[in-house]
Protein chains: 4
Amino acid sequence: MISVGIVGGTGYTGVELLRLLLRHPNVQVNVLTSRTEDGRRVDDMFPSLRGHTTLKYSDLKIDELKKCDVVFFATPHGVAMKHAEELLASNTKIIDLAADFRLKNLTEFEKWYGMQHACPDILTGAVYGLSELNREQIKQAKVVGNPGCYPTTVQLGLAPLFKQTATLVKPESIIIDAKSGVSGAGRKANLGMIYSENADNFKAYGVAGHRHHPEIVEALENISGQQGVFDHILFVPHLVPMIRGMLSTIYIDLTDEGEHVDLQTLYEQFYADETFVDVMPANSSPETRSVRGANQLRIALYKPQPKKLIVLSVQDNLVKGAAGQAVQNMNLMFGFAEDAGLKGIGLLP
Amino acid sequence: MISVGIVGGTGYTGVELLRLLLRHPNVQVNVLTSRTEDGRRVDDMFPSLRGHTTLKYSDLKIDELKKCDVVFFATPHGVAMKHAEELLASNTKIIDLAADFRLKNLTEFEKWYGMQHACPDILTGAVYGLSELNREQIKQAKVVGNPGCYPTTVQLGLAPLFKQTATLVKPESIIIDAKSGVSGAGRKANLGMIYSENADNFKAYGVAGHRHHPEIVEALENISGQQGVFDHILFVPHLVPMIRGMLSTIYIDLTDEGEHVDLQTLYEQFYADETFVDVMPANSSPETRSVRGANQLRIALYKPQPKKLIVLSVQDNLVKGAAGQAVQNMNLMFGFAEDAGLKGIGLLP
Amino acid sequence: MISVGIVGGTGYTGVELLRLLLRHPNVQVNVLTSRTEDGRRVDDMFPSLRGHTTLKYSDLKIDELKKCDVVFFATPHGVAMKHAEELLASNTKIIDLAADFRLKNLTEFEKWYGMQHACPDILTGAVYGLSELNREQIKQAKVVGNPGCYPTTVQLGLAPLFKQTATLVKPESIIIDAKSGVSGAGRKANLGMIYSENADNFKAYGVAGHRHHPEIVEALENISGQQGVFDHILFVPHLVPMIRGMLSTIYIDLTDEGEHVDLQTLYEQFYADETFVDVMPANSSPETRSVRGANQLRIALYKPQPKKLIVLSVQDNLVKGAAGQAVQNMNLMFGFAEDAGLKGIGLLP
Amino acid sequence: MISVGIVGGTGYTGVELLRLLLRHPNVQVNVLTSRTEDGRRVDDMFPSLRGHTTLKYSDLKIDELKKCDVVFFATPHGVAMKHAEELLASNTKIIDLAADFRLKNLTEFEKWYGMQHACPDILTGAVYGLSELNREQIKQAKVVGNPGCYPTTVQLGLAPLFKQTATLVKPESIIIDAKSGVSGAGRKANLGMIYSENADNFKAYGVAGHRHHPEIVEALENISGQQGVFDHILFVPHLVPMIRGMLSTIYIDLTDEGEHVDLQTLYEQFYADETFVDVMPANSSPETRSVRGANQLRIALYKPQPKKLIVLSVQDNLVKGAAGQAVQNMNLMFGFAEDAGLKGIGLLP
């Protein structure tokens, strides 16, 4: 039984962490912080938790967090990096669900997040928490930067293509047309997020540039070992009038060699031992609802035209795209069963 | 062609007024104010208006408003009453879509709206703008208090029962179980209004007390000529995960006399000449989508048990429940055809 | 480990049973029938189950069902009663999620379900499966009629009032204004159920009469021990544009005695030991999303006017209103922990 | 005043035609057919029309249709072509909202629609009804094949690029990632279309091939005058949980020449005189709700990477994508003002 702290427990990733961790066989959540709700019971704010916990929010007190074995930061960008040094000094591990430990490139971090990094040295040693791709490093990690939601769909959707000695695809051709439910934007009092602005509506956003673009580029460089070839890939996110769910439609040009490989088999073999990545049969249409509430990503492949590959990649943005993957990473870091606390089946309908 | 001003053009009733008035044959919208968007084109904020107007927002300048024949206040409560005296002095008529000129009872106004009334004398002369019930006074009015959305469904849903010499119902038995789409709460950056808090969810609110309760009580007293008997009626609003639409399910005990009257015929005759009130055939189920975008209220009656009447009353909260009725009132005040600018058919599906 | 069969595995209650039972520590689902999908893997139809089961649908073969310890019928009305005798002869217990074993009154059954009952003798011995109210009989039952979704909200919402020696309320005054998500209508190719007919829309239905009315009447008679006084209560269901969730707003007149009782305390004490019934604090607003996917019913009480009580009662219609309560009943029937397989926390947002 | 007939008045395009035509200053709808609803008033099926028409459905009687000046076919594919010859013989014009007169290539028609064409000669003379691009031919047409919804967004989104003497783009690079509201699938009792299967869900469909692919190819060939270069473009439609609305995100590689052209200006000039095509300012994000219920298509351009163009193109699939464009075509065919009956402003929110 390890002791867990959650910093930032009033947002959607915070309450999702609680939903998962309160049922986790190996952990006890002992600290839950909020800047605004000190002293309030969490089940008063989120009645779905009534009967499952008596936890109260508290102000962030570093001494309390230092008693934890691991602290999750479900906060805005820039919070985790301020506390990392002190927590590490107490042997407390860190899983940041924001972007403080995702990008290794400091210039990109500063450009996209509008702040200087507070602890570049710690960042250097941090591990990027895409569980399936970086499993061994995560097991050893003291600081994990949990991936962005969109980048998770892209990396798991493309990794099998780049983990080959052969060159199967033209990396510069990648186009990611991504769609997300509204909960991805968090729980904020923001005019653009209110119900009547989003229901029965569809739009693109961030077309001119989005923070997840550099994260995707850096991640694909790491996966493929190729630098520079992904700089100009296209990434266009869209907003879907649904709460949870994310689907990326990824278009890639195949090389001659890639055209003649059985990609369906290649993907199935690549993920054969993965509990949380599901390569669906040919001609499947993965739906976001098939993973609602579950730590699961599903992939389907199509080759509708010569030398063109389409990858469909779906997940619940709050689970495999955030809190679920964070718990998966915790399981790896502490030697628990990788699926501990993550066995829930998606809610359909 | 009259000159129209709209104060508060960034909310949902403001943009709905524009949608209707820009197509109205007898008016020209010349002034559109906003506290925050001075100088911005309205079609930049609301692209649905692109191609239909070149209007810009301006700060509220009373001298500009005084040039108008009529000014609509699509503002928070308390704005119209501050400017009423000056506007009336210039012979500019006023239609307030907020609550400043709804309640005649100042004590109730102060209790529910948390402010003192700025011009009780003007309030005394103001007309309550339920078009069908107060048509003749509205024609003469200089200041109209446009009814609240819920009260409109209740008054039109019950008026035929109380406009009889016979006593058909027990007034104290009235229970109003009302349901509204989310746009009724306006266009505000409010955490409780964001998409992920409201989609795929249903709840009651304001059960312990709601501002529309005193308005309903006062209105029913005026309609029936009976004082005191409505004080303890029940009114429970609920929030429906849809943008527009409002349905009130109203339960009433019938008297012996009421039990033997043909209420279906009574309602049909009462509204026989009304363009905007539709008494549906027996056993109909009025749906909110049947009035989406239309200045229409539909009613259906049921008598499933002895001496019990159920009235279903639906409207689009932004049209017959707000902007549409305001335009209908303007038409009455200026002698235009009552349906001028209001002939649009509901959007279904 | 008991062996479980599910008859009718292609509907929403069927797939919800699977979601719960595949994670249940004491059961193995061995048979899953479908009239149309014989031989098809269930996870092909419901990809949310991929990775969790290899079960296939089969035609209903009574010999296979007779090997089970218990069979759930997630079928249309009229199926369970045809197979009950044979199953009981093999000592196989039955939990029917349809209406075959709900109403004891055969006349009402035939009137509302349009068929003769196939086994009135078995019906006589069947137990009505409202777990909290009939726990002891359920433990002994061989046949359980799982309650309708609306009646569950009403019974749990009102039971504390009628399980008293004092007369707290006027039973004939009860008005149930109920609202349900669309999944309550099942998974059927029906024009009235398609997306564009239901989204962004709200309506009442079944106002002239609904099958759950006689079930509610009979249940309240059993709870209160009073016959005849509930015959004319009002029950009006409405359809909410959401998938899951049900809220009943119940209006009741209090007696003088009821007016002076602390009903909040009475409810809290009545349900003090119940895991799945949550009496919320005064002035709470129970939301359907707070129980999404969870076997939980939440209640809130209001007394906004003299001698008037309002009870708000919410549940997930597919869980506590159907499959979850069925599993709860199975747990009682087989002596498992009552919450086995039912510990999941609601999905919010 | 011309006399209009509508064949197939129970679907969504049928009722949308009525919404528009009942307010059109130059037409009278005299015939409305249905295979199943003969004798029923249309406002009984669609209560949104109550108060606006007394029309009844009738069986399809060719003699009644022959009295009309124009007949709209809002039917499944294959109906219009059966009646075309007889109607033309009576000088009745035809606007088909299905696919009978879209594709000139008979092989493609038979492949995708699974039927032989009934009147290839008439097809030869039919005009493809993309109003803005084929205006002059439409004015002379006796038979118009109204474009598919997706192809409308693509053609108007790309036409300015191909109507140049210079070669601005690489035609074979086109990728169309399209998203549609559910009403695009029509009004049918289909399991896959029910609310609980589509709400809070997102998926791709038809990835391996969709009927609108050959229509897009043929249309782009006609626009560009280039044959064969579009055969392998990608078109992937997705289903959005909303009723109305369609957005296509189109990706295209620019040539060196295209890279140096001011495409924003080129588009603005190309559509400068078009009422129903709106080129939004740079960096705009067109939303489907901005055209809800309006005969309007909005376009925005982005160049986020070198030599890459992204075109966003939105419309209401039932209006500019179907019934609205059909009315626009009728206006052209009969010399009415092109915007007659089409002046409605989009419903926002």
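Q: Why is B:Glu37 called buried?
A: In this predicted model, B:Glu37 has a relative accessible area of 18%. Buried means under 20%, exposed means over 50%, and partly exposed lies in between (1.4 Å probe, protein chains only). The value of 18% is therefore on the buried side of the cut-off.

Q: What makes B:Arg40 and B:Glu37 a salt bridge?
A: A salt bridge requires a side-chain nitrogen of Lys or Arg within 4 Å of a carboxyl oxygen of Asp or Glu. The closest N and O atoms of B:Arg40 and B:Glu37 are 3.0 Å apart, and the pair therefore qualifies.

Q: Which conventions apply to the numbering and to the values?
A: Residues are numbered from 1 along each chain as its sequence is written, while chains are lettered from A and ligands numbered from 1 in the order in which they are written. Because the model is predicted, local features need pLDDT of at least 70 and side-chain atom pairs count only at pLDDT 80 or more, whereas totals for chains, interfaces and linings use all residues; side-chain values use heavy atoms, with hydrogens and water left out.

Q: Is C:Lys308 buried or exposed?
A: C:Lys308 is buried, because its relative accessible area is 14%. C:Asp253 is partly exposed, because its value is 23%.

Q: What makes D:Arg50 and B:Asp278 a salt bridge?
A: Their side chains meet at 2.6 Å, N to O, and this distance therefore meets the criterion. Across the interface of chain D and chain B the rule finds 2 salt bridges.

Q: How many residues of chain D are in contact with chain B?
A: Contact means heavy atoms within 4.5 Å, and 31 residues of chain D are in contact with 31 residues of chain B. The buried area is about 2800 Å², of which carbon and sulfur atoms give 64%. Buried area is the accessible area (1.4 Å probe) that two parts lose on being put together, summed over both. In chain D, D:Arg50, D:Ile345 and D:Pro349 lose the most area to chain B, together 26% of what that side buries.

Q: Why do D:Arg292 and A:Asp200 count as a salt bridge?
A: The N to O distance between their side chains is 3.4 Å, so the pair meets the rule. It crosses between chains, from D:Arg292 in the loop between β11 and β12 (297–302) of chain D to A:Asp200 in the loop between α9 (195–198) and β8 (203–204) of chain A. D:Arg292 is buried, and so is A:Asp200.

Q: How do you know that A:Glu215 and A:Arg102 form a salt bridge?
A: Their closest N and O atoms are 3.7 Å apart, and the pair therefore lies inside the limit.

Conventions
Helix = DSSP H or I, 4+ residues; strand = E, 2+ residues; numbered from the N terminus.
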